[in-house]
Amino acid sequence: MIVLTLTLGMTTETIDRQFGMSEKWDTRFLALAEHVAAWSKDPSTKTGAVIVSPNKRVVAVGFNGFPQGVEDSVERLNDRQLKYKIIIHCEMNAMLFARESLLGCTLYTWPLASCSNCAAAVIQAGIWRCVAPKLPDDLKERWGESLALTTKLFKEAEVEFVLLPAWKGVVAGV
């Protein structure tokens with residue numbers, strides 16, 4: 001497990017004691033985010049998010065997709081320029097569907113960490129911890145710059161950012 005920055009100066013062990021999260025729970029909730037990602041109709045990148053309270057209760061889930069009531073036709077989904085203008089990222093969907101405060105929650109995202117725009121919203125929502133798989137080398141050219149800015153934002157805002165070792169799916173291994 002790689003910890004890039006710590007919440008309010010706490011160690012990982014303190015967080016585990018206080019919030020009860022461990023790599024075992026992180027893996028379980030990341031597997032759930034992977035499962036939720038499969039619900040996306042996006043043909044190129046399916047992403048999923050799970051927001052969990054400090055007592056390990058799922059608060060909300062989300063996947064990337066068009067707003068409700070907006071037609072998600074194959075033509076629109078395959079028009080990358082149009083799709084990027086109207087798609088809602090998984091983190092945003094999860095935060096929008098949450099019906100309680102997100103203060104102190106943990107966000108799990110699959111298969112990528114949050115983009116910088118979503119990271120800003122995550123910080124503003126009061127989420128203190130984010131967990132994602134480590135970015136594979138073959139995706140660094142496409143997503144590396146965004147991940148670097150996300151990392152910087154989380155560090156400045158003292159949001160713990162955990163990147164678990166990359167693997168090809170976790171559902172089968174849990």
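Which element gives the largest share of the lining of the largest pocket? That's α7, with 4 residues. Keep in mind that this is a predicted model.

**Largest pocket**
- This one holds about 540 Å³ of space.
- Its lining runs to 26 residues, and T47, H89, L112, C115 and W143 sit nearest the centre.
- Two or more lining residues come from each of α4 (80-86), α5 (90-97), α6 (116-125) and α7 (140-156).
- Sorted by class, the lining of the largest pocket splits into 11 nonpolar, 9 polar and 6 charged residues.

**Second largest pocket**
- Here the volume is about 320 Å³.
- Of the 20 residues lining the second largest pocket, F63, G65, F66, Q68 and N93 are the closest to its centre.
- β3 (58-63) and α5 are the elements that put two or more residues into this lining.
- The class count for the second largest pocket is 11 nonpolar, 6 polar and 3 charged.

**Cavities**
- Searching the whole structure turns up 2 cavities of 30 Å³ or more.
- The second largest cavity comes in at about 40 Å³.
- Around the second largest cavity you'll find L107, T109, A113, S114, C130, V131, A132, F154 and F161.
- Both β4 (106-110) and β5 (129-133) give two or more residues to that lining, and β5 has the largest share, with 3 residues.

Note on methods. Residues numbered from 1 in each chain as written. Predicted model: local features only at pLDDT ≥ 70, side-chain atom pairs only at ≥ 80, totals over all residues. Heavy atoms only, no water. 1 Å grid on protein atoms, 1.4 Å probe; cavity = no way out; pocket = protein on both sides within 12 Å on 5 of 7 lines; lining within 4 Å. Points joined across faces, edges and corners; volume = space filled by probe spheres on them. Nonpolar A, V, L, I, M, F, W, Y, C, P; charged D, E, K, R; others polar.
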